[in-house]
Amino acid sequence: MTHFNTSSSALADLSASLENAGSLPTEDALVQLGRALMTELIDVIADTALEDFQTILGEALIGAFHSAAGRIERDADRARDTMRSLDRDFDGSEAADVELQEATAKARAGDAATQACELIRDAASETWTVATGEVWTAWRGSRRGTHLTAAQLEAKQAIRAIRNRKSGEADPAGPVIAFRGAPTADTSEDAGRIFDALNWAKQEWPDMALATTGAKGSEKLAIKWAQQKGVKLILARADFDTHGKAAPFRANDELIALEPEVCLTLVHSVAGMREDQRPFGPALNLRQKAMESGLRHVSIKARAA
């Protein structure tokens with residue numbers, strides 16, 4: 001269980017700045033709500049016909065709070081736009097002052113509500129992973145991290161930030177480590193070797209961000225590691241609707257564009273290795289592109305006998 005001091009938390013600070021101070025639930029209460037909602041869902045559908053749809057239902061619950069946070073944040077951003085406009089054209093009148101105060105209060109309330117939704121979302125996501133072993137990531141867009149999770153960025157947004165070197169939350173603001181692995185590499189032995197490689201990378205680059213496509217199997221294991229370690233995550237998702245069969249290789253282009261310090265690849269499972277085991281093409285492709293770009297590459301292999 002995550003422990004924290006609500007008196008010094010960002011949400012508590014926001015709550016104190018609201019006109020109705022103390023009206024917000026505490027972070028403890030919001031985290032407990034997220035955990036309780038997910039636990040109740042899993043318990044109710046267990047051993048029923050709905051269990052076959054557990055992944056869809058679990059992701060839908062988490063995604064609902066993610067969507068709510070985004071909608072509220074957009075409302076708060078519009079209030080901030082109004083604040084800037086009113087501040088720019090402020091004429092000193094009482095009416096203008098009241099309007100400015102109302103816009104300011106709306107923006108602050110929106111920021112607090114956004115953080116509340118994010119806390120519920122991340123607590124539900126954490127409970128989901130513990131209960132099922134599955135990892136939830138936002139389908140689209142970037143998301144801020146809370147004390148429960150690190151931030152998640154879209155690769156395209158991170159690439160723009162790197163190219164422009166602008167400050168802001170979308171910038172990885174540190175070394176990027178890229179990883180691609182075979183979907184079939186999902187055994188405990190594979191997890192051990194993947195975690196060994198990522199722990200080595202974090203020791204070399206303590207402020208690293210992990211970049212991957214979020215594909216099933218080994219890359220989901222890597223995402224789970226990033227969540228446990230509080231490492232920022234960058235997702236270069238394969239866009240099959242746009243690129244068809246070439247999508248996994250286009251995603252590799254995005255990983256290379258992030259200028260990673262090292263590219264880690266796991267071309268096939270290290271468990272019960274056979275000579276006829278077919279290597280995972282996209283991981284081979286990332287290795288090739290890394291070498292062509294002059295980037296460092298490390299293959300993840302079975303532990304030496």
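Just after α9, which residue takes a positive phi? Just after α9, the residue with a positive phi, of about 55°, is E259. The legends below describe a predicted model, in which local features need pLDDT of at least 70 and side-chain atom pairs count only at pLDDT 80 or more, while totals for chains, interfaces and linings use all residues. Residues are numbered from 1 along each chain as its sequence is written, and side-chain values use heavy atoms, with hydrogens and water left out.

**Figure 1. Overview of the protein chain.** The secondary structure comprises ten helices and six strands; helices (H or I, at least four residues) and strands (E, at least two) are DSSP runs, numbered from the N terminus. Of the 305 residues, 42% are buried, where buried means under 20% relative accessible area, exposed over 50%, and partly exposed in between (1.4 Å probe, protein chains only). A contact denotes heavy atoms within 4.5 Å. Among contacts with a separation of 6 or more, 70% join residues 24 or more positions apart. The accessible surface of the chain is about 16,100 Å², and 50% of it belongs to carbon and sulfur atoms; accessible areas come from the Shrake-Rupley method with a 1.4 Å probe, and for residues only the protein chains shown count as cover.

**Figure 2. Confidence along the chain.** The predictor's confidence in each residue is given as pLDDT, from 0 to 100. The protein chain has a mean pLDDT of 82, with 80% of its residues at 70 or more. Confidence is lowest in helix α1 (residues 10–17), with a mean of 62, and highest in strand β5 (residues 262–266), at 96. Over residues 1–8, pLDDT stays under 50, and the model has 15 contacts beyond four places in sequence for this segment. Where pLDDT is low, the predicted coordinates should not be read in detail.

**Figure 3. The nonpolar cores.** A nonpolar core is a set of buried Ala, Val, Leu, Ile, Met, Phe, Trp, Tyr and Cys residues joined through side-chain atoms within 4.5 Å. The largest one has 29 residues, and those with the most contacts inside it are F179, M208, L210 and L264. At least two residues of this core come from each of β2 (176–181), α6 (188–204), α7 (218–229), β4 (232–235) and β5. Leaving aside residues up to four places away in sequence, F179 touches I194, L210, A211, T212, S218, E219, A222, L264, L266 and I300. A second, separate core has twelve residues, including A236, I256, L258 and L286. In soluble globular proteins, nonpolar side chains tend to be buried together.

Figure 4. Helix α9 spans residues 247–257, and its buried residues are A247, P248, A251, N252, E254, L255 and I256. E259 lies in the loop between α9 and β5. Although E259 is not a glycine, its phi is positive, at about 55°. E259 is partly exposed because its relative accessible area is 47%.

**Figure 5. D47 in a loop between helices.** D47 occupies the loop between α2 (27–45) and α3 (54–88). Its phi is near 60°, a positive value in a residue other than glycine. The relative accessibility of D47 is 73%, so D47 counts as exposed.

**Figure 6. The tryptophan pair.** Rings of Phe, Tyr and Trp (its six-membered ring) pair if their centres lie within 6.5 Å; planes under 30 degrees apart count as stacked, over 60 as edge-to-face and the rest as tilted. By this rule there is one aromatic pair. The ring centres of W200 and W205 are 5.7 Å apart and the planes stand at 85°, so the pair is edge-to-face. W200 counts as partly exposed because its relative accessibility is 27%, whereas W205, at 15%, counts as buried.

Figure 7. V270 belongs to the loop between β5 and α10 (281–292) and is buried, with a relative accessible area of 8%. Residues up to four places away in sequence aside, V270 touches E189, D190, R193, K301 and A302. G192, found in helix α6, is 78 residues from V270 in sequence and 9.9 Å from it in space, C-alpha to C-alpha. G192 counts as partly exposed, at 25% relative accessibility. Between V270 and A191, 79 residues apart along the chain, the C-alpha separation is 9.6 Å.
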